[in-house]
Amino acid sequence: MKVSRRHLGRLAAGLLGASMLWPAAAGAQDMPAPFDNPGDVEIALVRYLSTGDFFQAYLSGVEAQAKALGVNLRVFDSRQDAALQADMVDQAIALGVDGIVIQHGLTESMKEAAQRAVDAGIKVVAFDVNVENEAIPQIEQSDRDLARLALEQAIKDNGEEWQAGYVYVAGIAPLDRRNETWLEFKEKYPGIEEVAQFGTLDNPIANSVANQARSVVTANPGIQVMFAPYDEFAKGVKIAVDEAGLSEGVKIYSADISTADISAMREPGSAWVATAATNPAVVGEVSVRALAMLLAGEDPGRNVIVPPTLITQQQLNDEDIKNMEELSQKLPQFAHADVAVPGWMPLPPRD
């Protein structure tokens with residue numbers, strides 16, 4: 001008897017990864033193949049970064065859209081181990097999944113792994129990792145716009161001349177794209193003086209960054225602006241600024257948002273005054289929708305971009321926004337992205 005790759009994958013399903021089997025989506029008979037039989041469809045999420053509220057919300061969006069489609073979702077978490085992430089892609093291939101979402105990672109470790117998946121006939125999309133493959137759509141938060149919105153607010157609040165600390169780790173695609181905008185702003189506004197650059201992705205990220213930021217603010221008392229374009233970075237900087245008693249003299253500008261971030265920004269006298277963000281749950285939904293379009297033989301586009309929103313401390317206070325649910329309610333553009341939404345696509349229910 002000939003054993004198919006899919007059958008082997010079913011046999012291995014209990015051995016590798018974590019899986020969730022959702023009930024078949026309503027109206028499946030009206031959807032294109034293979035979603036006319038969604039229970040036969042398996043997709044995998046292979047994660048590099050998972051620490052922090054952003055990534056938990058992203059995962060919830062992936063789960064919600066998978067559930068709406070009625071497909072089987074398998075989650076692999078490498079916890080920032082690049083070699084393990086590549087191995088997990090190979091595990092997903094061996095399991096016979098139909099599609100893979102690669103979430104973050106390093107180009108050098110994921111490029112060949114992603115190509116192996118494509119060679120195996122598996123559809124792949126990549127969120128915030130450049131796998132340098134024309135067959136793989138890139139899901140992006142429009143990272144350059146995230147940085148631009150935050151930095152434009154910094155100029156508005158502080159003028160065109162100030163000393164800055166900058167938190168950055170090279171080699172991570174979204175941070176590299178945000179760095180491009182930072183370099184452009186420094187060229188456009190020569191009065192911006194970067195006096196310190198630091199950053200780490202060591203877990204726990206916020207505490208590790210706080211350890212670095214303590215030394216930075218002590219050695220550079222003239223810093224007026226901290227540009228920390230990832231919310232875990234901003235949390236770390238805020239810890240150090242608070243401990244140093246500098247909350248009135250330093251302003252923090254970041255990217256990304258969560259309920260914990262909202263609470264930190266709304267603390268009395270908080271130095272964290274603005275962030276630019278997409279809804280991470282929406283980005284997770286878009287990632288799955290783009291993959292589903294590929295599986296249905298449709299083209300979501302080479303770059304699938306979710307537009308960001310500027311969120312300021314004043315706005316949160318004026319609107320009395322306390323959590324992500326209220327943020328979505330009071331900023332409708334934050335609650336949903338009309339991206340990768342063909343007419344047949346079932347969407348998660350909205351509260």
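Helices, taken as DSSP runs of H or I with at least four residues, are numbered from the N terminus. The structure described here is a predicted model.

**Cis peptide bonds**

The peptide bond from Ala33 to Pro34 is cis, and its omega is near 5°. Pro34 belongs to the loop that connects strand S1 (18-21) and strand S2 (42-47). A cis peptide bond is also present from Asn203 to Pro204, with omega near -15°. Pro204 is placed in the loop between strand S8 (192-198) and helix H7 (205-219).

**Positive phi values**

Arg79 is not a glycine, yet its phi is positive, at about 50°. The loop that holds Arg79 runs between strand S3 (72-77) and helix H3 (82-95). Arg79 counts as exposed because its relative accessibility is 59%, and the cut-off for exposed is over 50%.

Ala340, likewise not a glycine, has a positive phi of about 55°. Ala340 is located in the segment after helix H13 (332-335). With a relative accessibility of 15%, Ala340 counts as buried, since buried means under 20%.

| Site | Feature | Angle |
|---|---|---|
| Ala33 to Pro34 | cis peptide bond | omega near 5° |
| Asn203 to Pro204 | cis peptide bond | omega near -15° |
| Arg79 | positive phi | phi of about 50° |
| Ala340 | positive phi | phi of about 55° |

Technical notes: Residues are numbered from 1 along each chain as its sequence is written. This is a predicted model: local features need pLDDT of at least 70, side-chain atom pairs count only at pLDDT 80 or more; totals for chains, interfaces and linings use all residues. Side-chain values use heavy atoms; hydrogens and water are left out. Helices (H or I, at least four residues) and strands (E, at least two) are DSSP runs, numbered from the N terminus. Buried means under 20% relative accessible area, exposed over 50%, partly exposed in between (1.4 Å probe, protein chains only).
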